[in-house]
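Thank you all for coming.

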Amino acid sequence: MWTFGASSSNTELVMNLKKQGIVKTPETEAAMKAVDRADFVPQSTDPYYDSPQPIGHSVTISAPHMHAMCLELMRDRIINNSNPKVLDVGSGSGYLVAALAHLVGENGKVYGIETIPQLVTWSLANMKKNHQHFLDSGRVHIQVGDGWKGLPEQGPFDAIHVGAAASEIPTALVEQLRVGGVLIIPVGVDNQYLMEVSKDSPTSYSSKAITAVRYVPLVKH
């Protein structure tokens, strides 16, 4: 398991992740330094500890090392596109949406969908603390949505991240990928693996397991 415990600041957290070889690229480092994790967790938690943290409603925010890993897995598909479009499924507190907004740049868009309305409201409040401009410019959109169905009206996406474990790879999310795009998703019930799913053609995809993980289930409506 990737973990090193506590850090005293957001910058130290990112640098510790870099020392561990989890943050690998300047783009991911810059995005994570630009988004203070303390803005996106309850005040009762330690924002800079490398572990999942409860955010209410039986939901957790992923550990920082998992966010870093997922950002690195999506990075190439995002920065090599002049107008990248990304979907974050199960956007929770809004942390990864904010980090992705830095990664996509001013010409990109990030959509977050979350099944729990209270978390959507909270995530928007979190975003307004230091990233109001993302909302005002339209770079970021967060709304209530069904993670299994995605957001087809805004696709196709260059990258899709899912922050909860699906029992199988959701067909709808693969369909919403642009050819050459990537879906990063935990898959499994008892044994879960973070999967990298690449869309190879309009009708085919390939996948590979990255690492064993433990996520809350992706709610099916």
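Let me start with a term: a residue is called buried when its relative accessible area is under 20%, exposed when that area is over 50%, and partly exposed in between, using a 1.4 Å probe and protein chains only. What you see is a predicted model, in which local features need pLDDT of at least 70 and side-chain atom pairs count only at pLDDT 80 or more, while totals for chains, interfaces and linings use all residues. Residues are numbered from 1 along each chain as its sequence is written, and side-chain values use heavy atoms, with hydrogens and water left out. When I name helices (H or I, at least four residues) and strands (E, at least two), I mean DSSP runs numbered from the N terminus.

I begin with helix α4. Nine of the 10 residues of α4 are buried, so this helix is largely enclosed by the rest of the structure. The buried residues are Y95, L96, V97, A98, A99, L100, A101, L103 and V104. After α4 comes G105, which has a positive phi near 80°.

That leads to the nonpolar core, by which I mean a set of buried Ala, Val, Leu, Ile, Met, Phe, Trp, Tyr and Cys residues joined through side-chain atoms within 4.5 Å. The largest such core holds 47 residues, and those with the most contacts inside it are M32, M74, I78, L100, M127, V140 and L194. At least two residues of this core come from each of several elements, including α1 (10-19), α3 (64-79), α5 (117-130) and β7 (177-187). Which element gives the largest share of this core? The answer is α4, with nine residues. Apart from this core lies another, of 21 residues, with Y111, L173, L177 and L183 among them.

M32, in helix α2 (residues 26-34), counts as buried at 1% relative accessibility. Setting aside residues up to four places away in sequence, M32 touches N10, V14, L17, V23, P64, A68, L71 and Y95. M74 is found in helix α3 and is buried, with a relative accessible area of 0%. With the sequence neighbours up to four places away again left out, M74 touches L100, A159, I160, H161, V182 and I184. The C-alpha atoms of M74 and E196 are 9.2 Å apart in space, although these residues are 122 apart in sequence. I78, counted in that manner too, without residues up to four places away, touches P84, V86, L100, L103, V104 and A159.

How do α3 and α4 pack? In general, two packed helices are described by the angle between their axes and the distance between the axes. Here the axes are lines fitted to C-alpha atoms, for helices over the stretch in contact, and angles run from 0 to 180 degrees between N-to-C directions. For α3 and α4 the angle is about 30°, and the axes lie 11 Å apart. On the α3 side, H67, L71, M74, R75, I78 and I79 meet Y95, L96, A99, L100, L103 and V104 of α4. The residues of this contact divide into 10 nonpolar, one polar and one charged, where Ala, Val, Leu, Ile, Met, Phe, Trp, Tyr, Cys and Pro count as nonpolar, Asp, Glu, Lys and Arg as charged, and the others, Gly among them, as polar.

R75 deserves a word of its own. R75 lies in helix α3 and counts as buried, at 17% relative accessibility. Leaving aside neighbours within four places in sequence, R75 is in contact with T25, E27 and L103.

Finally, some backbone details. Most residues other than glycine have a negative phi, and most peptide bonds are trans. H57 is not a glycine, yet its phi is positive, at about 60°, and S58, also not a glycine, has a positive phi of about 60°. H57 sits in the loop between β1 (53-56) and β2 and counts as partly exposed at 43% relative accessibility. S58 has its place in the loop between β1 and β2 and is exposed, with a relative accessible area of 75%. The peptide bond from G155 to P156 is cis, with omega near 0°, and P156 is in the loop between β5 and β6 (157-162).

Key:
Contact = heavy atoms within 4.5 Å.
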